Amino acid sequence: MIDARASAKIGEAIALRTRSRLNLFLILMLIATAGLWSAWETNFNLPELVRGWHHINNLLARMFPPDLEIIENLGGPLIETLQMALLGTTIPIFIAIPLAWLTATNIAPDPVLGNVVRLVLHTLRTVPELLWAMLLVSAVGLGALPGTLALILHSTGSMGKFFYETIEAVDPGPIEAMEAAGANRFKVIMFGIMPSVLPNYMSIILLYWEFNNRAATILGLVGAGGIGLTLTHAIQDFEYQEAVTCLIAIVIILTVIDRTSAYLRRKVI
Amino acid sequence: MARELETQAQLAIPKMPARFTAKRMLVAILVIAIYWWSFEGTGVNPVTIIEGMPAMWDILQHMFPPSLEDYQDLLKPALETVYIGVLATIIGSALAIPVGFLGSANLSHPLIYHPVRLVLNVFRGVSEIIWALLFVVAVGLGPMPGVLALIVFAVGVQSKLVAEAVEAVDPGPLEAMRAVGARSWKVFVYGAWPQVLPLYLTFCLYYWDHNTRQATILGFVGAGGLGVTLFWNISMYEFEKATTSVILMIIMITIIDRFCLYLRKKII
């Protein structure tokens, strides 16, 4: 009697295991097919890559040693990169916070307006900053201005999303209590919501500061200022030794930014 | 007596911290100076922005309505973008497992993991598009350098995440396995990996989304995908065609983003 029940349970367990193994197998097959299909469509083949290895070697040989003479010319573009990232992170805060208030479902004044704002934020962040930069460069010309504006547009979309999601996750208790005590919407936002989301906001802002520094190093590829411009020129002129110096400078500056951000995060939060 | 009471009352009131200390003033001045300098340096100010408004408006007018005449030409590059994203994610995620193992401080040998971590730092030190720029020089135009660029960056980030996840694993089972004589790769496969797997799958989904987004702009440097078309459209001032590409791109990214979100909910 007990044996029969036990063996039935064992049978069930075995069936379950077989099923989950079959599922795993099917999923792996699906992934493998997708990979092979993509490799076929993109002409990605390993043998050719290995045969073409000498091209990569050749490039590497022409990159070293780095040309250190151009270091003095890198200061200006590097500072420009940092300035773009600073403004590209600070200005969106003042745009994204009010937009988040308009669209967070628990405090939004009007659902239609909220959805429109959400769509705008979605578009702003789905278009990559490099594409914004390119469009703005064709509008206002080369330089750091279109680059900074591109960072502002993209960051407004991304930070705005995180901002409203944070507000939506706020504990509704204190808000209800304030409303019951007769606080108006502005007071609820200022004294009920903002204090509780502030640490998260700090964290989001620091994250986007790092992100924007990284992005600011590449905006130069389309002529929108920063160190990317120097790098692109070096590569276009086949000055690979200069290019490597730029790359090293980029890696160093981004590492410093990451460390600073981690330090500030510990201090602030 | 009265005077004594007064002092006592004064003592009872906690001293308010000074609002304007010299240090705070200094920091405030420094911050204002840095911002002033940044506005100066980048040329961002109301005047330049207002001056640029007519040009931006002009471009917006050129962008709408979007031209639908050769939307069929967009399908191939759009699909290529998807393929680049899928392939780079699969290869990058697969490579991240062994590399992450070699780069974890608790399971790997110090002589291995320090160099591995250093290489990973370089891999994710520069953005995908810069890798793409270099690979285009090395292996020529097309989707191939794009895939390689995404793989290099994804390996850099995902291996680091795997390594950190392995380091954060509960050490108990690992020690037990070592005590009965398991080799370190066995400790990894049977001890650490089951604990890391859910986290790893989340990274993979995140990087699929991320790689597809990046794949749309890699074309700006000639590394395949929708970006190539977009770059030419904008360079030739055919903004009404560019809008069609941008809309297609937004739709594509939104679909993949939603799909990833759905899969993530299923996994966790």
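**Figure 1. Chain B is built from helices.** In this predicted model, chain B has 11 helices and 0 strands. Reading from the N terminus, its elements simply go α-α-α-α-α-α-α-α-α-α-α. Along the principal axes, the C-alpha atoms of chain B fill a box of roughly 95 × 75 × 35 Å. Its radius of gyration is 28 Å, whereas a compact globule of 268 residues would come out near 18 Å. Of those 268 residues, 42% count as buried. Take the contacts in chain B between residues at least 6 apart in sequence: 73% of them join residues at least 24 apart.

**Figure 2. Two domains in chain A.** Here chain A is split into domain 1, covering 2–62, and domain 2, covering 69–268. The C-alpha centres of these two domains of chain A sit 37 Å apart.

**Figure 3. Where chain A meets chain B.** On the chain A side, 45 residues are in contact with 43 residues of chain B. Helix H6 of chain A (residues 129–140) gives the most to that side, with 7 residues.

Figure 4. Now zoom in on Leu130(A). Leaving aside residues up to four places away in sequence, Leu130(A) touches Ile218(A), Leu219(A), Leu221(A) and Val222(A) in chain A, plus Ile129(B), Ile217(B) and Phe220(B) in chain B. As background, nonpolar side chains tend to be buried together in soluble globular proteins.

**Figure 5. Helix H7 of chain A, end to end.** How does the span of this helix, residues 144–168, compare with what its 25 residues should give? At 1.5 Å a residue the helix should span 36 Å, and its end C-alpha atoms are 35 Å apart, so the two agree. Is H7(A) mostly covered or mostly open? Mostly covered: 22 of its 25 residues are buried.

**Figure 6. A cis peptide bond in chain B.** The bond to look for runs from Phe64(B) to Pro65(B); it is cis, with omega near -5°. Pro65(B) belongs to the loop between helix H3 (46–63) and helix H4 (72–102) of chain B.

**Figure 7. Positive phi at Phe238(A).** Phi of Phe238(A) is near 60°, a positive value in a residue other than glycine. You'll find Phe238(A) in the loop between helix H10 (227–236) and helix H11 (240–268) of chain A. Is Phe238(A) buried or exposed? Phe238(A) counts as exposed because it has 11 C-beta neighbours inside 10 Å, and the cut-off for exposed is 12 or fewer.

**Figure 8. Positive phi at Tyr237(B).** In chain B, the residue to check is Tyr237(B), with phi near 60°, again a positive value in a residue other than glycine. Tyr237(B) lies in the loop linking helix H10 (226–235) and helix H11 (239–267) of chain B. With 12 other C-beta atoms within 10 Å, Tyr237(B) is exposed.

Technical notes: Residues are numbered from 1 along each chain as its sequence is written. Chains are lettered from A and ligands numbered from 1 in the order in which they are written. This is a predicted model: local features need pLDDT of at least 70, side-chain atom pairs count only at pLDDT 80 or more; totals for chains, interfaces and linings use all residues. Two residues are in contact if their C-beta atoms, placed from the backbone, lie within 7 Å. Helices (H or I, at least four residues) and strands (E, at least two) are DSSP runs, numbered from the N terminus. A residue is buried if 20 or more other C-beta atoms lie within 10 Å of its own, exposed if 12 or fewer, and partly exposed in between; C-beta atoms are placed from the backbone. Domain bounds come from an automatic or database domain assignment. The expected span of a helix is 1.5 Å times one less than its number of residues. The radius of gyration is taken over C-alpha atoms; the globule rule is 2.2 Å times the number of residues to the power 0.38.
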